[in-house]
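Have the sequence and the 3D view ready. This briefing walks through the fold one topic at a time.

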Amino acid sequence: QEEKVVCTGAERLCPRIAMKRQALTRRKRGDEGGAAAADDGAAAADDKDPFDEDDDSGGKFGRLTLMEEVLLLGLKDREGYTSFWNDCISSGLRGCMLMELGLRGKVELEDTGMRKRSLGGRKIVVKEKSERACGDVLLDEAMKHIRMTDPPEGVQEWIELLSGETWNPLKLKYQLRNVRERLAKNLVEKGVLTTEKQNFLLFDMTTHPVTDSAAKDRVVKKVQDTVLSKWQNEPNRIDKRALSLIYMAHASDVLENAFAPLSDDDYELAMKRVRELLDVDPDVECTKPNSNDIIWGVVAAFLK
C-alpha cells in the first residue's frame, strides 16, 4: 500500500521538490529491502554445508566422505574386501564420522569458558545452526544420536558407542551396524566400486572390487602429497580434510597401502613426517588459529 504523503506549501508551489522527496522515499525502501536480503543471504551462508561446494574431482556428487576415502584405502582392488586381520578399521570409521561432522560444522566440543580442560574431558554438542540434514544416512544417524543424548558424551565415548563397544545394554541402541557394507554401497552408487559374490569354501561373501581406479588414485595421491610435495611444518597450516585423512588412515591401519607405491627415499620421508604428526600434542594444537576442536579431539582419542 502506498504511504500517504503530506505535502508542504513549498512542494505545492514547486513540483520538483515533491518529486525529489518521493525519490528519496523510494531509495530508503530499496536500502531496507537490500539489507533484509543481505541478512537472508548471510543466514543461508551460515547454514550452507561446506561439503556441497564443488571441487576438482568431479563436483559435489563425485566427492567422497572421509569414511569412504579410508575404506577405499583399505579395500583390495581386485578382491574387493578389507584385510581379515585389520581389527582397527571399525573404530577408525566411527572416528571418521565424528571428524566429518566436525568438518561440516555440524558438531563441536563444548565451550569450557575460562576453565582449561583437556580434549578428553569435553563433550560433543550439536551446533545451533545445524538443523539441516547431511545428506548421508550414516552421518544423519550419528547426528540424531548425538542430538538426542542428554547428558552429552565425549569423543572417546562416542567412538565406543557407535562401535557397539559398551557394557551398558541400554546404550547398545547407539551402535551403527553394517557400516563397511553401507559405505561400500555408497561407493557403488558413485561408480567407484562394483558388487560381486565370491565363494570362500564354507560361505559366500559379497565383495566390492574397485572399478574406478582413478578415484582411488586421487585418494592415494592426496595422502602422498600431504606428507611430501604439499608438506607444511605446522599441522594447523595443512588442509583440514587431508590432515584428517592422514590421522584416520593411520588409526584404521590402512596408511601403509597409500605409501606402498613410493620409492624407498620417499617412503622414509613420508613415514618420518607421519611420525612428526603423531608426536604433536592435540591439546596444544586445538588452541592454535584455524584449528578444529573435533578433529583434535578424535586424534587425542586414538593417540592416547
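What follows is a short tour of the chain, from overall make-up to single residues.

This is a predicted model, in which local features need pLDDT of at least 70, side-chain atom pairs count only at pLDDT 80 or more, and totals for chains, interfaces and linings use all residues. Residues are numbered from 1 along each chain as its sequence is written, and side-chain values use heavy atoms, with hydrogens and water left out.

**Overall make-up**

- The chain has 13 helices and 4 strands. Helices (H or I, at least four residues) and strands (E, at least two) are DSSP runs, numbered from the N terminus.
- Of the 304 residues of the chain, 41% count as buried. Buried means under 20% relative accessible area, exposed means over 50%, and partly exposed lies in between (1.4 Å probe, protein chains only).
- Take the contacts between residues at least 6 apart in sequence: 65% of them join residues at least 24 apart. Contact means heavy atoms within 4.5 Å.

**The nonpolar core**

- In soluble globular proteins, nonpolar side chains tend to be buried together.
- A nonpolar core is a set of buried Ala, Val, Leu, Ile, Met, Phe, Trp, Tyr and Cys residues joined through side-chain atoms within 4.5 Å.
- The largest such core here holds 73 residues, and Leu73, Leu98, Ile124 and Phe259 touch the most other members. Helix H4 (residues 89-103) gives the most to this core, with 8 residues.
- Which residues does leucine 73 touch, not counting residues up to four places away in sequence? They are Lys216, Val219, Val220, Val223, Leu245, Ala249, Val254, Asn257 and Ala258.

**Helices H3 and H4**

- Helix H3 (residues 66-74) has 9 of its 9 residues buried, so the rest of the structure largely encloses it.
- The cover over the buried residues of H3 includes H4, H5, helix H7 (179-189), helix H8 (213-227), H9 and helix H10 (255-259).
- H4 is also largely enclosed, because 14 of its 15 residues are buried.
- Just after H4, glycine 105 takes a positive phi of about 75 degrees.

**Two helix pairs**

- Two packed helices are described by the angle between their axes and the distance between the axes.
- Axes are lines fitted to C-alpha atoms, for helices over the stretch in contact, and angles run from 0 to 180 degrees between N-to-C directions.
- Angles under 35 degrees count as roughly parallel, over 145 as roughly antiparallel, 65 to 115 as roughly perpendicular and the rest as oblique.
- The axes of H4 and helix H5 (residues 137-148) come within 10 Å and cross at roughly 85 degrees. H4 and H5 are therefore roughly perpendicular to each other. Met97, Leu98, Glu100 and Leu101 of H4 make this contact with Leu138, Leu139, Ala142, Met143 and Ile146 of H5.
- The axes of helix H9 (residues 240-251) and helix H13 (residues 293-303) come within 11 Å and cross at roughly 15 degrees. H9 and H13 are therefore roughly parallel.
- On the H9 side, Lys240, Leu243, Ser244, Tyr247, Met248 and Ala251 meet Ile295, Trp296, Val298, Val299 and Phe302 in H13.

**Two buried helix residues**

- Histidine 145 sits in helix H5. It counts as buried, at 13% relative accessibility. Histidine 145 touches Trp158, Leu162, Lys173, Tyr174 and Leu176, not counting residues up to four places away in sequence.
- Alanine 215 sits in helix H8. Its relative accessible area is 6%, so alanine 215 is buried.
- Alanine 215 and valine 192 are 23 residues apart in sequence, yet 6.6 Å apart in space, C-alpha to C-alpha.

**Loop residues to look at**

- The peptide bond from aspartate 150 to proline 151 is cis, with omega near 0 degrees. Proline 151 lies in the loop between H5 and helix H6 (155-163).
- Asparagine 178 is in the loop between H6 and H7. Its phi is positive, about 55 degrees, although it is not a glycine. Is asparagine 178 buried or exposed? At 58% relative accessibility, asparagine 178 counts as exposed.
- Aspartate 253 lies in the loop between H9 and H10. Its phi is near 60 degrees, a positive value in a residue other than glycine. Aspartate 253 is partly exposed, with a relative accessible area of 49%.
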